[in-house]
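Visitor: Please show me the model, and then let us talk through a few of its features.

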Amino acid sequence: MKTKLLAGLVTLTSVLSLTAFAPSNALAETVSAEDKKQQPNIILIFADDAGFADFGFQGSKIMKTPHLDSIAAQGIVFSQGYVSDSTCGPSRAGLMTGKYQQRFGYEEINVPGYMSDNSALDGAEMGLPVDQTTMADYLKDQGYKTAIFGKWHLGSAERFHPLNRGFDEFLGFRGGDRSYFKYPENITNINNPDDIMYDKQLERGLGHFEEREEYLTDVLGKAAADFIDRNQQDPFFIYLAFNAVHTPLESEPDDLKQFPELKGKQQELAAMTLAMDRATGYVTDKLKSLGLADNTIIVFTNDNGGPTDKNASSNAPLAGTKSNFLEGGIRVPFIMSWPAKIKPNQQFDFPVSTLDLLPTFFSAAGGIETVTDTDGVDLLPYIMGNNKARPHKQMFWKKETRAVIREGDWKMIRYPDRPTELYNLANDIGEQTNLANDQPQRVISMYKDLFAWELTLERPRWLLKRKFEKYDMDRMDKYRLPASQ
């Protein structure tokens, strides 16, 4: 579907020159009031460490996710939705920029205390480079009010702060994880970004640290609903980045009681998922009460595959987990609704990526068909049925010597400690039948294409300790057989 330029903006040539780099702040000033009324609101709900199978719309008979199931029923389920990495920091960097994060050196996970002694950067300095334009930057320049609620994990130094990366409002935490309950006062030195606990404290705006009494997942959902209430006259973009269901496994007692048949980690996971669904309901109920639901795009997805060993998440019927490149590490739940435009009860079976969301949102907001500096594609023509082809001919993943290329239904995996493997995902979703010896020419061709892609990338800006490569390989081997649902 071809998207029209906003009436009375600038010429196509000048728009193209703007989007090739960073959007111009002057662009937003030219968006008329009438155009703003036509722009959809956009809400991106991002879970953390959820399993592929752990939602009703994914077939779970255990989890209770009625609000998320409703979003799926109102729109489209992507059966082959991918993230750009199997760990959360790099995955979020790809999501926010719409490009392979390795292109700007964000290849490794950024966790203070886990980095090599020779890492070029560490602590608060490991962040999304400031020369990268974010999803929020693009939408803000289309006249959107922008907000993030929840986990950031794209740098703790002030220059990386969400309010300096295109967002108007922030309530959340800068790091990669935290408790779901209130921290004691004065637990950290808030003037020292290298203090790990600094990353965990709940922050409103920039530098206003204030813990809340309520369960964090509910806090975030209610904050998003409040933002909608206050900005209903303007198009808005909300990035609702739950830390659920990442560890620590902490849940409300009343939520635990909803799953008396479960025990241990699985019961905690179910309770935390229920809370996330409830918080999603605060958002969807607010949209309905204000008459905004029809013209609001809602996307729900997850940052990487579930870490089954940590939180009992299920990636069935996929093999693998978080931190490796089997399907269980990189294929995630992925749904989108837009009642005004997208027909309900659809399933899309070609591979798509979270890299696609930035150009898709920008297109829906009234920009040109896509931004030029992206590895994603505008999904709207495919969703609307105007383009019957695959959105992606090839897709790539990489961390150190480990790498993957997917071409059509063929997936080749390069390992550091064993020969290359080749799978046909069309009839082997669990990656159990290695066809590398049967298809030597295909392996050679794909290997060369993978290397050609790698030559376009930057070196990593920071490095993990080498021992975590073995940790990831051991974890993959532990979950090498597909889980049963």
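Visitor: Which residue in the turn between strand 14 and strand 15 has a positive phi?
Guide: Strand 14 and strand 15 form a hairpin, with two residues between them. Strands here are DSSP runs (E, at least two residues), numbered from the N terminus. The turn residue with a positive phi, about 55°, is Glu400.

Visitor: Is the model predicted, and what limits apply, or which residues count where?
Guide: This is a predicted model, where local features need pLDDT of at least 70, side-chain atom pairs count only at pLDDT 80 or more, and totals for chains, interfaces and linings use all residues. Residues are numbered from 1 along each chain as its sequence is written, and side-chain values use heavy atoms, leaving out hydrogens and water.

Visitor: How many bridges join strand 14 to strand 15?
Guide: Strand 14 covers residues 394–399 and runs antiparallel to strand 15. Lys398 stands opposite Ala403 in strand 15. Strands pair if DSSP finds at least two bridges between them; here the number is six.

Visitor: What is the bridge partner of Glu407 in strand 16?
Guide: Strand 15 and strand 16 (residues 410–414) pair antiparallel over five bridges. They form a hairpin, and Gly408 in its turn has a positive phi of about 65°. The partner of Glu407 is Trp410.

Visitor: How many residues of strand 15 are buried?
Guide: Strand 15 spans residues 402–407 and is mostly covered. Buried means under 20% relative accessible area (1.4 Å probe, protein chains only). Of its six residues, the buried number is five.

Technical notes. Buried means under 20% relative accessible area, exposed over 50%, partly exposed in between (1.4 Å probe, protein chains only). Helices (H or I, at least four residues) and strands (E, at least two) are DSSP runs, numbered from the N terminus.
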